[in-house]
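Subject: Structure for you to look at

Hello,

Here is the structure I said I would pass on. Please open it first, then read the notes below alongside it.

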Amino acid sequence: MSAPASECLFCKIARKEIPAALVYEDDELLAFKDIFPQAPVHLLIIPKAHCKGLGDLSPEVVALSGRILQLSAQLARDHGVMAGGWRLLSNCGPDAGQTVFHLHFHLLGGKPLGGKLCQ
C-alpha cells in the first residue's frame with residue numbers, strides 16, 4: 001500500500017525528480033497544483049519529509065502542522081478564494097480515497113463545494 005520514500009511519488013516531486021506546477025516551496029513544505037483538479041483551485045500541500053498520512057505523524061511533521069495551516073490560508077488568499085471560501089482536507093487510508101501514501105492536504109476553492117464530502 002505504501003511505497004518507500006525512495007519510490008514515493010510526492011517524495012520524487014519534492015526532490016525535483018518529477019516535475020510539478022509548484023506554487024510554493026521552502027525548506028520543509030511544498031505546494032503544487034493537482035494534476036486532476038476537482039475545483040478551479042486545487043492545490044496539494046505536502047511536507048518534504050516522508051510521512052504516510054495523518055495516522056503516521058512523526059515529531060518532525062507534527063512540528064510543521066501549524067505552518068501547513070498557515071500556508072493554506074496564505075495560498076487561499078494568493079489564489080483568490082479566501083473571500084468566497086475554501087476547503088482543506090486530507091484523506092487517510094484507502095477507504096477515505098487516499099491514493100498517494102505521503103501526507104498531503106488538498107486546498108479546494110473557486111466554486112461552491114457543497115455540503116457533502118462523500119456519496
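Start with Lys 48, which is partly exposed, with a relative accessible area of 23%. Keep in mind throughout that this is a predicted model.

Lys 48 forms a salt bridge with Glu 25, and the closest N and O atoms are 2.8 Å apart. Lys 48 sits in the loop between S3 and helix H2 (59-78), while Glu 25 belongs to strand S1, so the pair ties together parts that are 23 residues apart in sequence. Glu 25 is partly exposed, at 36% relative accessibility.

A second salt bridge links Arg 67 and Asp 26, with the closest N and O atoms 2.2 Å apart. Because Arg 67 is in helix H2 and Asp 26 is in the loop between S1 and S2, this pair ties together parts that are 41 residues apart in sequence.

A search of the whole structure finds six salt bridges. One of the pairs is Arg 15 and Glu 17, whose side chains meet at 2.8 Å, N to O. Arg 15 is partly exposed at 38% relative accessibility, and Glu 17 is partly exposed at 49%.

Next, the aromatic rings. How many aromatic pairs does a search of the whole structure find? It finds one. The pair is Phe 10 and Phe 32, arranged edge-to-face, with 5.5 Å from centre to centre and 75° between the planes. Phe 10 lies in helix H1 (residues 9-14) and Phe 32 in strand S2 (residues 29-33), so the pair ties together parts that are 22 residues apart in sequence. Phe 10 is buried, with a relative accessible area of 5%, and Phe 32 is buried at 3% relative accessibility.

S2 pairs in the antiparallel sense with strand S1 (residues 22-25) over three bridges, and the two form a hairpin with three residues between them. In that pairing, Leu 22 stands opposite Phe 32. S2 also runs antiparallel to S3, joined by five bridges, and there the bridge partner of Phe 32 is Leu 44.

From S3 (residues 41-47) you can move on to S5, which runs antiparallel to S3 and is joined to it by five bridges. Leu 43 has Leu 107 in S5 as its bridge partner. Strand S4 (residues 86-89) is likewise antiparallel to S5, with four bridges, and Leu 89 stands opposite His 106.

Regards

Notes. Residues are numbered from 1 along each chain as its sequence is written. This is a predicted model: local features need pLDDT of at least 70, side-chain atom pairs count only at pLDDT 80 or more; totals for chains, interfaces and linings use all residues. Side-chain values use heavy atoms; hydrogens and water are left out. Two strands pair if DSSP finds at least two bridges between them. Rings of Phe, Tyr and Trp (its six-membered ring) pair if their centres lie within 6.5 Å; planes under 30 degrees apart count as stacked, over 60 as edge-to-face and the rest as tilted. Buried means under 20% relative accessible area, exposed over 50%, partly exposed in between (1.4 Å probe, protein chains only). A salt bridge is a side-chain nitrogen of Lys or Arg within 4 Å of a carboxyl oxygen of Asp or Glu.
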